[in-house]
Amino acid sequence: MTIGNELRNAVRGRVLVAGDEGFEQAGRPWNLAVEQPVRAVVEAEDADDVAAVVGYARLAGLAVAAQPSGHGASGSADGVILLRTGRLGDLEVRPAERVARVGAGVQWGQVLAAAGPHGLTGLAGSSPVVSVTGYTLGGGLSWFGRRHGFAADSVRAFEVVDAEGRRARVSAGSDPELFWALRGGGGDFALVTAVEFELYPAPRLYGGRVMWPAERAAEVLEAFREITADAPEELSVWFDLLSFPPLPFLPDLLRGKALVAVDATFLGEGGEGQDLLRRLDKIGGAVMDSRGVLPVAELGGICAEPTDPSPGMGHTELLTGLDDAVAQVLLSRPIDPLLSVQIRHLGGALARSAEGGGACGHLTEPYLLHTLGIPATAEVTAALGARQSEIDAALAPHVSGRRPHTFLSPGDSAATAFPGDVLARLREIKRARDPHGVFRSNYSVLG
């Protein structure tokens, strides 16, 4: 009997293997630049399907990689059973407890839409279509991280399938070692089918994007440095250098333009948010200003990130400072062929060790730098790599060498996400909980 037939006998969800119509499409990750030659794709209907696939893989000597929609794929899924958990869509908000429970397929935009009417929010990032589970397993760097820390540290419990195919609920009380590892250590240790996590008050939210021609970049960066020098933890501000290709589907405002932008959120009254960002008003020539009081559900629209799969080539570093030397590197010439050079202000709760926190730890670096391009052709890919390497070399004295797990990119190692003692502990847990290598995460702690 073939693997396809064996899996179809084991699960209720759809199973696709090579030769089946739709197999190649079903196996593609979100980042279309990443190759993912999987052996089979299973679209799980429920947690029982997940357990059945894991049990089958263990007996067959195969590995399983879980991806609700394919975000964060690293290219390490060769020959695995790709388990799509997007149909695990349970979503429950318990406002009185300030808690949400979501299935592995639930996206952040869905959570915010459900929690917002209650004056609550989860610790969501910039994209509304990223799954809560994958984001949280990698730590989860939120718009509200400066106030509330990593999303992983707000988890109360995970529902998992272990390497033997058994279902369990994991919490600080039931299994403290596995609970610690799952909070920011990645998906190496168990397959998560649902997450229960804390929600936070957000009765008022102010934010949006201001955009200027790229000629204003030096003024905007200086304002960004001034604002972030003493920003309250409720305020998060990001700086973006942008260079859009002349693609016909882009709006006239962006098509073929070099721009600079500031994105911001403030957990508080609109008037106070306006005052905190008033320095931006001194910069003339803005071509767009979307700042205002926002429903929590519109958080994902601030950066206007793509909501459909697309190719991308990203790279992240943590900056130890943002002095004139760093500014000179970033502003000395246009960012082409890159699409974006983004700096996120960190600090606040992200810089503090959370009591009883998970493997995500904390970040002492004050800023995160992320560069991104679209690898449309082999020639463009090479040019993007060269430009990113050029920036890396120039900034070498100003970066720590660590990268947050949630920002790892193809070619990165999980070893760069953790201090040595944390990595050693994660590896010990991986070997103990998954001795036969049933789980193949995007960025394995075993390298």
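Modeller: Here are some questions about the sheet, the helices and the aromatic rings. This is a predicted model, where local features need pLDDT of at least 70, side-chain atom pairs count only at pLDDT 80 or more, and totals for chains, interfaces and linings use all residues. Residues are numbered from 1 along each chain as its sequence is written, and side-chain values use heavy atoms, with hydrogens and water left out.

Colleague: In the open sheet of four strands, what is the strand order?

Modeller: Strands here are DSSP runs of E, at least two residues, and helices are runs of H or I, at least four, numbered from the N terminus. Two strands pair if DSSP finds at least two bridges between them. The pairing in this open sheet is mixed, and the order reads S1-S2-S4-S3.

Colleague: Which residue in S2 is the bridge partner of Val15?

Modeller: S1 pairs with S2 (residues 40-43) in the antiparallel sense, over four bridges. Within S2, the partner of Val15 is Val42.

Colleague: At about what angle does H3 run to S4?

Modeller: Angles run from 0 to 180 degrees between N-to-C directions, using axes fitted to C-alpha atoms, for helices over the stretch in contact. Contact means heavy atoms within 4.5 Å. H3 (residues 47-60) lies across S2, S3 and S4, and its angle to S4 is about 170°.

Colleague: How many charged residues are in the contact of H8 with H10?

Modeller: In H8, Ala217, Ala218, Leu221 and Arg225 meet Asp324, Ala327 and Leu331 of H10. Asp, Glu, Lys and Arg count as charged; Ala, Val, Leu, Ile, Met, Phe, Trp, Tyr, Cys and Pro as nonpolar; the others, Gly among them, as polar. By class, this contact has five nonpolar residues, no polar ones, and the charged ones come to two.

Colleague: Why is the pair of Trp108 and Tyr135 put in its class, and what is that class?

Modeller: Rings of Phe, Tyr and Trp (its six-membered ring) pair if their centres lie within 6.5 Å; planes under 30 degrees apart are stacked, over 60 edge-to-face and the rest tilted. Trp108 sits in H4 (residues 108-115) and Tyr135 in H5 (residues 132-137), 27 residues apart. Their centres are 5.6 Å apart with planes at 80°, so the pair is edge-to-face.

Colleague: Is Trp108 buried or exposed?

Modeller: Buried means under 20% relative accessible area, exposed over 50%, and partly exposed in between (1.4 Å probe, protein chains only). Trp108 has 2% relative accessibility, so this residue counts as buried.
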